[in-house]
Amino acid sequence: MDHFLHQNGILHAEDVALPEIAAEVGTPFYVYSTATFERHYRLLDEALSGLDHLICYAMKANSNQAILTLMARLGAGVDVVSGGEYRRAIAAGFPGERIVFSGVGKTRAEMELALTGGIRQFNVESEPEMHILSAVAEKLGKLAPITVRVNPDVDAKTHEKIATGKAENKFGIPISRAREVYAEAANLPGLDVVGIDVHIGSQLTDLEPFEQAYMKVAELTHVLRADGHDIRRLDLGGGLGIPYERSNNAPPLPVEYGEVIKRTVGDLGCEVEIEPGRIIAGNAGLLVSNVIYVKSGEDRDFLIVDAAMNDLIRPAMYGAYHDIVPVVEPAAGVELTPYDVVGPVCESGDTFTKGRDLPPVGPGDLIAFRSAGAYGAVMASEYNTRPLIPEVLVHGHQFAVIRQRPTFDEIINRDIVPKWLKG
Ligand code: LLP
């Protein structure tokens, strides 16, 4: 079910025509569909039916307060990786017992924040972290619930920058050392060991690596239980991929992913958590941009648009593919032309795609980058003093700006000129 469709020849987000939003907020902007977020959450929830489970939305994918509020209302939990994200979760109404805290570099201040405000569990990633967390909890007179993130040394078969489950990656403790690390954790006075955590990477389009990793977790559960640990919760991470190229083979469905989970860890009597980000947010958002110029180069045509790498960095950073569709539906059978679609930023890396076949578009036309709801707005910057672009949430016929474009004065006045440079 796609909530971004052409209706009467104009691309809509649910029931709102995109030119209507463009007229109000200007371009470029991000637009999200409420119904899509809800649908993706529901599909995952159904995929895990029959299991005692909690879907902890990985807010790093899209942490706008409106999106978090929507997820909290659906009953989701949330995965946070910084004190800032923890504060966002609390502000959006997630109770502490639905917040899990991941990340390799948690500071004492972040631990204190979460222990004081309430936390479901810390996913601990190293022995030094374990010792600090125990000390911080003891000082506060609390017991910190933890899982240890194990690194199963499994190839996630995804882009190297977002693979996390190989021995060479900085994440987790080697699964081969799990027994000694758990023995140590059990002896630390400030910790309550509740389970095991694993996350092997992002944008996985094959279930096999999940299956391998989860089988290793199941095996480890038996071993650790035999050692006397009360393993009662398994955090299986996020990572399920989404279709970026509609023409390509579709990645596995949530229900198929759910079957892998049930098959591998379903009979252990554990509570199961997952930390999906992209599969919930990715295809719930578009980046809408305006064409500024069409420029003829020596051997190619450039479509220069008003969005750039600072707004959506995925193509520049990961060579990522995003579908591009004109907001005005092209006539059937129209001839396609190859374009390099580029932004105004002063780097050749500011290229969204090369040689993409597109219907004829010209200055003033709106285009939309699909699958931009995850790792889009959250990774944006103000490089070239280009203001962070607005985010808009659609709900049926309604839309609301959920983050405004800052003014240039706001941007400039954030900087402080020291007094010796004034006058
Ligand atoms: N849990 C942990 C511990 C993670 O590190 C991540 C993602 C997730 C869950 C959520 O993974 P997802 O379900 O979204 O695949 N910026 C990159 C993606 C980075 C992913 C980082 N960790 C991109 O634009 O592709």
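User: Helices here are DSSP runs of H or I with at least four residues, numbered from the N terminus. With that settled, which helices each supply at least two residues of the lining of the largest pocket?

Analyst: This is a predicted model. In it, α10 (278–281) and α11 (314–318) each give at least two residues to the lining of the largest pocket.

User: What is the volume of the largest pocket?

Analyst: The volume of the largest pocket is about 660 Å³. Its lining has 31 residues, and those closest to the centre are Lys60, Thr164, His199, Ser202 and Tyr375.

User: How do the lining residues of the largest pocket divide into nonpolar, polar and charged?

Analyst: The lining of the largest pocket has 12 nonpolar, 9 polar and 10 charged residues.

User: And where does the largest pocket lie relative to the domains?

Analyst: The largest pocket lies between domain 1 (4–31 + 282–412) and domain 2 (34–279), because both domains give residues to its lining.

User: Next, the second largest pocket. What is its volume, and which residues lie nearest its centre?

Analyst: The second largest pocket has a volume of about 550 Å³. Its lining is made up of 27 residues, and Met1, Arg39, His40, Pro243 and Asn283 lie nearest the centre.

User: Which helix provides the largest share of the lining of the second largest pocket?

Analyst: That is α2, with 7 residues. Both α2 (34–47) and α9 (254–265) supply at least two residues each to the lining of the second largest pocket.

User: On to the domains themselves, then. How far apart are the C-alpha centres of domain 1 and domain 2?

Analyst: The two C-alpha centres are 32 Å apart. The contact involves 24 residues from domain 1 and 23 residues from domain 2.

User: How much area do domain 1 and domain 2 bury between them?

Analyst: They bury about 2100 Å², and 52% of that is on carbon and sulfur atoms. On the domain 1 side, Tyr318, Tyr321 and Tyr375 supply 26% of the area buried against domain 2, more than any other three residues. Tyr375 is also one of the residues closest to the centre of the largest pocket.

User: What is the distance between the closest N and O atoms of arginine 120 and glutamate 273?

Analyst: Those atoms are 2.6 Å apart, and the two residues form a salt bridge. Arginine 120 lies in the loop between α5 (108–117) and β8 (121–124), and glutamate 273 is in strand β13 (residues 271–274), so the pair ties together parts that are 153 residues apart in sequence.

User: Changing topic: how many cavities of 30 Å³ or more are there, and what lines the largest cavity?

Analyst: The count is 1 cavity of 30 Å³ or more. The largest cavity holds about 30 Å³ of space. Its lining consists of Leu44, Gly237, Gly238, Gly239, Leu240, Tyr257, Ile274, Pro276 and Ile279. These divide into 6 nonpolar, 3 polar and no charged residues.

User: Last item, backbone geometry. Is the peptide bond from threonine 27 to proline 28 cis or trans?

Analyst: That bond is cis, with omega near -10 degrees. Proline 28 sits in the loop between α1 (18–25) and β4 (29–33).

User: And what is phi of asparagine 8?

Analyst: Phi of asparagine 8 is near 50 degrees, which is a positive value in a residue other than glycine. Asparagine 8 is found in the loop between β1 (6–7) and β2 (10–13). Most residues other than glycine have a negative phi, and most peptide bonds are trans.

Note on methods. Residues are numbered from 1 along each chain as its sequence is written. This is a predicted model: local features need pLDDT of at least 70, side-chain atom pairs count only at pLDDT 80 or more; totals for chains, interfaces and linings use all residues. Side-chain values use heavy atoms; hydrogens and water are left out. On a 1 Å grid over the protein atoms alone, a cavity is a set of points where a 1.4 Å probe fits but cannot get out, and a pocket is an open set with protein on both sides within 12 Å along at least five of seven lines; lining residues have an atom within 4 Å of a point. Grid points are joined across faces, edges and corners, and a volume is the space filled by probe spheres set on the points. Ala, Val, Leu, Ile, Met, Phe, Trp, Tyr, Cys and Pro count as nonpolar, Asp, Glu, Lys and Arg as charged, and the others, Gly among them, as polar. Domain bounds come from an automatic or database domain assignment. Contact means heavy atoms within 4.5 Å. Buried area is the accessible area (1.4 Å probe) that two parts lose on being put together, summed over both. A salt bridge is a side-chain nitrogen of Lys or Arg within 4 Å of a carboxyl oxygen of Asp or Glu.
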